[in-house]
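This is a walk through a predicted model.

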Amino acid sequence: MSAVGTVGQLLWKDLVVEWRGREILTAMLVFSMLVAVVFNFAFSPSPADAPRLLPGMLWVTLAFASTLGLSRSFVLEHDHGAIEALRLFPFDPSLIYAGKLLANLLYLLAVEILLLPALAAIAGVPLLASAGPLAVILVLGSIGLVAVGTIFSAMSVNTRIREVLLPVLLFPLAAPVLISGVRAMLSVLAGASWGAILPGLRILIAFDVVFLVVGYVIFEFVLEE
Amino acid sequence: MRAIEVEGLTKAFGPIHALRGVTLAVDAGDALVIFGPNGAGKTTLLKTIATLIRPTGGSVRLFGIDPRADVRLRAQIGVVSHQSYLYPGLTGAENLLFAARLYGVSRPAERVARLLETVGLTARAPDLVRTYSRGMAQRLSIARSLVHDPPLLLLDEPYTGLDRQAAGVLTGLLTAMRGTRTIVLTTHSIEQGLALCDRMAILVDGLIAYEAEDGLQDLHAVERIYAECVGVPA
C-alpha cells in the first residue's frame, strides 16, 4: 500500500472511532464554548475593546482545547496495545504520526469553525470582511499546535500524569504559534494589509515546517519503549 | 532455513536485566514452546524478536535478515500478545479489514470473512468489539494475527482468557499450522505447550536454562525439569 493509502487508512480508523464515540470532539467543543462564555463575562468587552481582546481569547481557548483532544489522541492506541500493533505493520512508523496529525488537525479545525463565529458574536466583532486572512492564520497556527502536540501526546501517553505532562511540554514550545497567531490576528482585525501580517505568517510557516519534519523524523523513536 | 536466529540477546530496562544473553535458533516450520515463570523475560524475548523492543545487546535475524533494517520483514510476522491489539470502537470485521489493508492483503474482505468463520465469530462480525467477551476478543485477536498469513507466528500466552471452546479452536488452528509455518509460543501450561510444539526451552531470569527436542512426550519428566530450572518443588 502507498504511503498516502496507509495514512488514509489510519485517518479513517481514527475518524470512525471518533464518530461513534464522540469523546474527543465533544470534550473540545463543550470546553471551548464554556471558555468563550466565561471570557465574555470576565472581560465584558466594549465594542472598541473587542477586536483587541478577541485574538487572545480565541488562541488561549484553542490552546487549552487542543490539549484536551491531544491527550486523548493516543489513549485510543494505548488502551489495548494497538500502538504496538501499528508498529508491527510493514510501513514506516512515521506514517502513524502523519495519520494522527491529520486526525488531530481535523478535530481542531472543526472546533475553530464553531468557536470563532461564537466568540465573534459574543464579542460583537464582524469577521466576514477579514475571513480569508483569518482562515490562513488559523490553519497555519493549528498545524503548528498539532505538529508539536502529536509528538508530545505520543510521548506522554505511557505516563500516569499524561493530562498534566502534555500541556507542560506543549505550551512552552508552542508559544511562538500562540504569540504569532494572536499578533497576526490583531493586525487583521485592525484592518492591516496582507503585507503587515506577513512576518507573523512567516513565523507560523517556519514553525510548521520545522516541527512537521522533526515529528516525522523522530516519531519512530518516540514510539519505542 | 533458519526462521529465527537470536545471538547473545540482552535487554535492560534501567537496572532490571530482562534478557541476559539469550541465544536461540528456530528452523522454518518448527514449533518452539518457551516456558518460564513470571518475569523470566518471555514477553521481552518475543517483543524483541517482533522488533517491538530494541535490544540492549546481541542480534536478532529473521529469515536471515535483520528485521530492524527492513520494515517489510514485519509482514512475515504475526503476533498474539497479552493485549488484544483491537479497537473497541470498530466492529470485529472492521478491525480485521483495517489490519488486512495495512498489510496489503489482496482481496481483504474474502480473507476476513474466512478468518471470522475459522474463529467462530461470523455472527458477531458487525458488532463493536467493545461488546465482545474477553474470550471472543482473544479469538478475534488470533484471527488478526493471521490476517496476512505470516510464515512466523509469535504467540505470548495465547490461551489467556479463552474458554474451553475457544481454546479448542486455537489448538485446532495451531495443530493445522504445524510444519507449514514457524511458531514460537509461550505458555504456563506445560501440557498445552508440549502438545503443540516439537521443541521446548525454559527461560529463567533472562537466560535459556534448558532446551530440548526429545522426550517431550513425558509430561512428568518435563515438569520435573521445569521445577529444577525454576527452583520450585515439582
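The largest nonpolar core holds 145 residues, and B:Leu96 and B:Leu154 have the most contacts inside it. In general terms, nonpolar side chains tend to be buried together in soluble globular proteins.

What does B:Leu96 touch, once its neighbours within four places in sequence are left aside? B:Leu96 is in contact with B:Val112, B:Leu115, B:Leu116, B:Ala143, B:Arg144 and B:Val147.

Next comes the meeting of the two chains. Chain A puts 21 residues into the contact and chain B puts in 24 residues. On the side of chain A that touches chain B, two or more residues come from helix H1 (3–21) and also from helix H5 (82–88) of chain A. H1(A) gives the most to that side, with seven residues. By kind, the residues on this side of chain A are nine nonpolar, five polar and seven charged.

Chain B also has an open sheet of six strands, in the order E5-E6-E7-E3-E8-E9, with mixed pairing. Strand E5 (77–80) and strand E9 (207–212) of chain B stand at the edges with a single partner strand each, so one side of each has no neighbour in the sheet. On average, neighbouring strands of this sheet are turned by 15° against each other, direction ignored.

Within the sheet, strand E6 (residues 152–156) and strand E7 (residues 182–186) of chain B pair in the parallel sense over five bridges. B:Asp156 stands opposite B:Thr186 in E7(B). Helix H1 of chain B, residues 42–49, packs on the sheet and touches strand E3 (31–35), E6, E7 and strand E8 (199–204) of chain B. The direction of this helix makes about 155° with that of E6(B).

How values were computed
Residues are numbered from 1 along each chain as its sequence is written. Chains are lettered from A and ligands numbered from 1 in the order in which they are written. This is a predicted model: local features need pLDDT of at least 70, side-chain atom pairs count only at pLDDT 80 or more; totals for chains, interfaces and linings use all residues. A nonpolar core is a set of buried Ala, Val, Leu, Ile, Met, Phe, Trp, Tyr and Cys residues joined through C-beta atoms within 7 Å. A residue is buried if 20 or more other C-beta atoms lie within 10 Å of its own, exposed if 12 or fewer, and partly exposed in between; C-beta atoms are placed from the backbone. Two residues are in contact if their C-beta atoms, placed from the backbone, lie within 7 Å. Helices (H or I, at least four residues) and strands (E, at least two) are DSSP runs, numbered from the N terminus. Ala, Val, Leu, Ile, Met, Phe, Trp, Tyr, Cys and Pro count as nonpolar, Asp, Glu, Lys and Arg as charged, and the others, Gly among them, as polar. Two strands pair if DSSP finds at least two bridges between them. Axes are lines fitted to C-alpha atoms, for helices over the stretch in contact, and angles run from 0 to 180 degrees between N-to-C directions.
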